[in-house]
Every structure is written in C-alpha cells, then in structure tokens.
Amino acid sequence: MDKNDGYVSGQQLSDQLEISRTAVWKHMKELEKDGYKIEAIQRKGYRIISSPDKVSENTVQWGLNTDWLGHQLYHYKEVASTQDIAHQLAKQGKPHGTVVIADEQVKGKGRMSRPWHSPKGKGIWMSILLRPDLVPVQAPQLTLLAATVLAEVFIQKSELKPQIKWPNDILINHKKVSGILTEMQAEHDQIQYVVLGIGINVNQAADDIQGDLRHKASSLRIESEEEWSIAETIQCILHQFEKTYDQFMSQGFKKVKNVWEKYGYKIGEQVTIKTMKREWQAELIGIEPDGALKARDQKGNEEKLYSAEIMWGEGGYDAK
Ligand code: BTX
C-alpha cells in the first residue's frame, strides 16, 4: 500500500484491486468483523489502527513476505488434523505452498500414529503442502530442513537456545516444544506431494501441560517467559521456510546439514544405542543426506542409524 500518513484512499484501493469503491468499503467491514480497527476519514481514506491478536487468513497473509508460500492459506478454528485437510487439498490439485492452520486439533497426530496434543489457541498447528521435484528417498531431508527453520526462527525471535533431537524434535532446555510430521504421496519413484506438519507449543503456561507431557514438553512462553504472537511467528516461519527451501532446491542439502548439525542435540557426545542385535556406546557425529544419524562406536567404526532406540540420558530409551 502507498503511504500517505498511513492513509490509503478508497480510490487508490479500488484502482489497485480493480474493484468498486463499494466493494472496498465492504472489505473494510469484513476486516472490522475480523477484529481490525480501521479509521476512515473523508478525503484521506482508510488507515489500519490495530490488527487483532489472533490467527486468521488475514492476519497471517497481511505483511507476509513470501513469493509462493502461504499465498493459498486455509485457517480453521477446529479440525481433527491439519494433515488430513492438506491431503484433501493436495488431491484437489491445490498448489505447492498451500498452508493449512488450525487454532485447535482434536485428533492431532505425531509419527507412528502417536497423538499430538494441540490445545485451542495455544500453539501453531500447521501443515504445508509441497510438490517438490525430488525422489522419495529425499523426503526425510525436508523434515530435517523444517527442523532447522524452526530452530533459526526461535533464535531470531528470542534468547532461547533450541536444539534438534534426531530426527526432528525441537527441544529447549531438554524439553520438547515442537515436532514435525512429514507425510508423502509418491508414485513411480517420484514424489507427488508432501504434507509437512509442524506443531509448536507457543503460549501454554506450565499448568497447561499435563499428564506425562509435564516432564518432557514445554512451550516457547514457558521457556522465554513471555507471550508470543502466533500470527507473527507463523509469518516468520513461512518466510524462513521459503528461503531455506529455495536454497536447498538450488544448492542441495549441504547447508541444511551444516545448520542441522549446529543445533543437533548431543552431537559430539556419547549416548547408548540399542538395536535389535546389540547395545553399545557411541558418539553421535552428525547426519547423512538421507536423514540417517551417524554414530561412531568405541572402536572407531562408523554406523548409519535409521531406526534405533537411543538413550539420550533423560532416563530411558526413546524409540525412533
Ligand atoms: P512424535 O511422534 O515425534 O511425537 C509424538 C509424541 O510427543 C507423543 O507420543 C507425546 O509423547 C509427545 N507429545 C504429544 N503432544 C505433544 C506436545 N504438544 N508437545 C510436546 N510433546 C508432545 C511429532 O511426532 C510430530 C508432531 C506433528 C504435529 C503437527 S501439528 C500440525 C500437523 N497436524 C497433525 O495432526 N500433526 C502435525
């Protein structure tokens, strides 16, 4: 929008958007219903005084500085899972970069059908539809990429020190604040689409986290001791995601790998690993382009791990 003391005339809007001035006025009324405070002054035009502190298609898309991500955006108050909706949209042919967000998920899901607790208005429950030109074995790279995006955004916006626990938990002070679920549809060795689900605990207070999550989960608010704007955090994630994704597509996985390893939990440290055949001490040394975790045993042998139980030192094995 052009700036004129912050006012934009109805005529300007009508010219730019190629709609009638009555239609401009109707849009303003819609925005007011959405919680925007708008000042309308004769001969000067309209000015937004304040945006609502809530998530809607408008609040996320307004000021969203992306080329292709989130231009089609669907916001719901309550859904079973944003993943399911994104799969439906993918099947309807919606484009690369379509985003689905919900205030609450009543059947949020984690990996291997585990539940993902997604309380109303407290977090970011979002699925991104991607149509990457990649082969299916590269799909885990997108999960690792998403984890680096979240770690970078949390650092940019706070003093927090996020870590990525292989393959994709984001921890702060050893507690999980975020998880990523990547689901893929592929045919003839080509990815048709990927639905990348991101769950982030944002504004839960300590009392909001209950049951067995109490000891292992946290939120950005608990860790940073301040409330976060959910809409603004979504915008930052979409912006950083697009930048990182475009870089990955043009330059390959190397940079993502380096950033991942910078945030990698216990990289360079000893853990106990248990596979079907044995239990052993190993040093975690990084990740492979195919998403495997790389570990070195005490004899110096390196091994790639795709699924293993790892004793992270939090009092129990964690099946992956
Ligand atoms: P995951 O399998 O790594 O983590 C699931 C496990 O994490 C659960 O078994 C539970 O122990 C724990 N957990 C459940 N809810 C939470 C929570 N809110 N915070 C911390 N820990 C929790 C991680 O799977 C992938 C999560 C993806 C969630 C997004 S939200 C948007 C999209 N829609 C959807 O249904 N899932 C994805």
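Pro 167 sits in the loop that runs between strand S6 (162–165) and strand S7 (169–172); helices (H or I, at least four residues) and strands (E, at least two) are DSSP runs, numbered from the N terminus. The peptide bond joining Trp 166 to Pro 167 is cis, with omega at about 0 degrees. Before going on, note that this is a predicted model, where local features need pLDDT of at least 70 and side-chain atom pairs count only at pLDDT 80 or more, while totals for chains, interfaces and linings use all residues. Residues are numbered from 1 along each chain as its sequence is written, and side-chain values use heavy atoms, with hydrogens and water left out.

Two loops hold another backbone feature. Glu 18, in the loop between helix H1 (10–17) and helix H2 (21–33), has a positive phi near 55 degrees. Glu 225, in the loop between helix H6 (220–224) and helix H7 (230–251), has a positive phi near 60 degrees. Why point these out? Most residues other than glycine have a negative phi, and most peptide bonds are trans. Glu 18 counts as exposed because its relative accessibility is 71%, and Glu 225 counts as exposed because its value is 73% (buried means under 20% relative accessible area, exposed over 50%, partly exposed in between, with a 1.4 Å probe and protein chains only).

Now look at Ser 178, which is in strand S8 (residues 175–187). Ser 178 counts as buried because its relative accessibility is 0%. Leaving out residues up to four places away in sequence, Ser 178 touches several residues, including Trp 116, Asn 168 and Gly 199 (contact means heavy atoms within 4.5 Å). With Gly 199, a polar atom of the Ser 178 side chain lies 2.9 Å from the backbone oxygen.

Next comes the ligand. It is surrounded by 27 residues, and the closest are Ser 81, Gln 105, Lys 109, Arg 114 and Asn 201 (a residue is near a molecule if one of its heavy atoms lies within 4 Å of it). The elements that give two or more residues to the shell around the ligand are helix H4 (82–91), strand S5 (123–130), S8 and strand S9 (190–201).

Conventions. A polar contact is a pair of N or O atoms within 3.5 Å; within protein, one must be able to donate a hydrogen and the other to accept it, and residues adjacent in sequence count only if both atoms are side-chain atoms.
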